[in-house]
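This briefing covers helix packing, nonpolar cores and strand pairing in one protein model. Please keep the sequence and the coordinates at hand while reading.

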Amino acid sequence: MRELISTAESNMQKTVEIVKREFASLRAGRATPALLDKILVNYYGTPTPVNQLASISVPEPRLLVVQPWDKSVTGEIEKAILKSDLGITPSSDGNVIRLTIPQLTEERRQELVKVIKKKAEEGRVAIRNIRRDANDQLKAKQKKGEITEDELRRGQDEVQKLTDKYIKEIDRLLQAKEKEIMEI
């Protein structure tokens, strides 16, 4: 039973990490290297993440500087950024690519808030599914006679406490990201 509950907790932690990464890749009017995480560049016929082809720095709050290690790939990185859904136009001098992050409009902020709320809800649903699976496994163990009814109740209570803890964590992340988007 202990193993089952620790597996459920581990899966819930992974879900929270996924939600964190999703939030980090959303543009909130500030430059962050995570914005480029999902951008793949055609590098000798292989889709390769930008962060594996270049160093990405943030010299100013609204500026990203991408410095490719192989200068011949600069044009491909520019194309990939233009094709992405970031809505940022890169400017290049042949050696480095500068990305100026524009100020967010009120309308765009509202859209972003809707997106993060949807992502947070997906995370909550995933955690509830983990809870359901763990409870189903506990009930199966009880049916087989591997655990008593009291152990079943205790196990379900523990799984519920974990569920509440991780859903609170997602809500906390949501509030912080929403505040970050709506400020400025």
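Which residue of β2 does Val41 stand opposite? Val41 stands opposite Thr48, and the model in which this pairing is found is a predicted one. The points below begin with the strands and then turn to the helices and the cores.

**Hairpin of β1 and β2**
- Strand β1, residues 40-43, pairs with strand β2, residues 46-49, in the antiparallel sense, and four bridges join them.
- Two residues lie between the strands of this hairpin, where Tyr44 adopts a positive phi near 50 degrees.

**Strand β6 and its partners**
- Strand β4, residues 63-68, pairs with β6 in the antiparallel sense over four bridges, and strand β5, residues 91-92, is joined to β6 by two bridges, also running antiparallel.
- Ile97 of β6 is the bridge partner of Val66 and also of Ser92.
- In β6, which spans residues 97-100, Ile97 and Leu99 make up the covered face, whereas Arg98 and Thr100 make up the uncovered one.
- The hairpin of β5 and β6 has four residues between its strands, and Gly94 in the turn has a positive phi of about 95 degrees.

**Packing of α1 against α3**
- Helix α1 and helix α3, the latter covering residues 106-144, pack at an angle of about 170 degrees with their axes 10 Å apart; because angles over 145 degrees count as roughly antiparallel, α1 and α3 are described as roughly antiparallel to each other.
- Residues making this contact include Leu4, Thr15 and Phe23 of α1 and Ile116, Gly123 and Ile127 of α3, and by class the contact has 13 nonpolar, four polar and four charged residues.
- Thr15, which belongs to α1 (residues 2-24), has a relative accessibility of 11% and therefore counts as buried, the cut-off being under 20%.
- Leaving aside residues up to four places away in sequence, Thr15 touches Gly123, Ala126, Ile127 and Ile130.

**Nonpolar cores**
- The largest nonpolar core has 27 residues, of which Phe23 and Ile127 touch the most other members.
- Helices α1, α3 and α4 (149-182) each supply at least two residues of this core, and the largest share, nine residues, comes from α4.
- Apart from this core lies another, of 20 residues, among them Leu36, Ile39, Val41 and Ile101.
- With residues up to four places away in sequence not counted, Phe23 touches Ile116, Lys119, Ala120, Leu173, Leu174 and Lys177.

Notes. Residues numbered from 1 in each chain as written. Predicted model: local features only at pLDDT ≥ 70, side-chain atom pairs only at ≥ 80, totals over all residues. Heavy atoms only, no water. Buried < 20%, exposed > 50% of the residue type's maximum accessible area, 1.4 Å probe, protein only. Contact = heavy atoms within 4.5 Å. Pairing = 2+ DSSP bridges. Axes fitted to C-alpha atoms, helices over the stretch in contact; angles between N-to-C directions. Parallel < 35°, antiparallel > 145°, perpendicular 65-115°, else oblique. Nonpolar A, V, L, I, M, F, W, Y, C, P; charged D, E, K, R; others polar. Core = buried A, V, L, I, M, F, W, Y, C linked by side-chain atoms within 4.5 Å.
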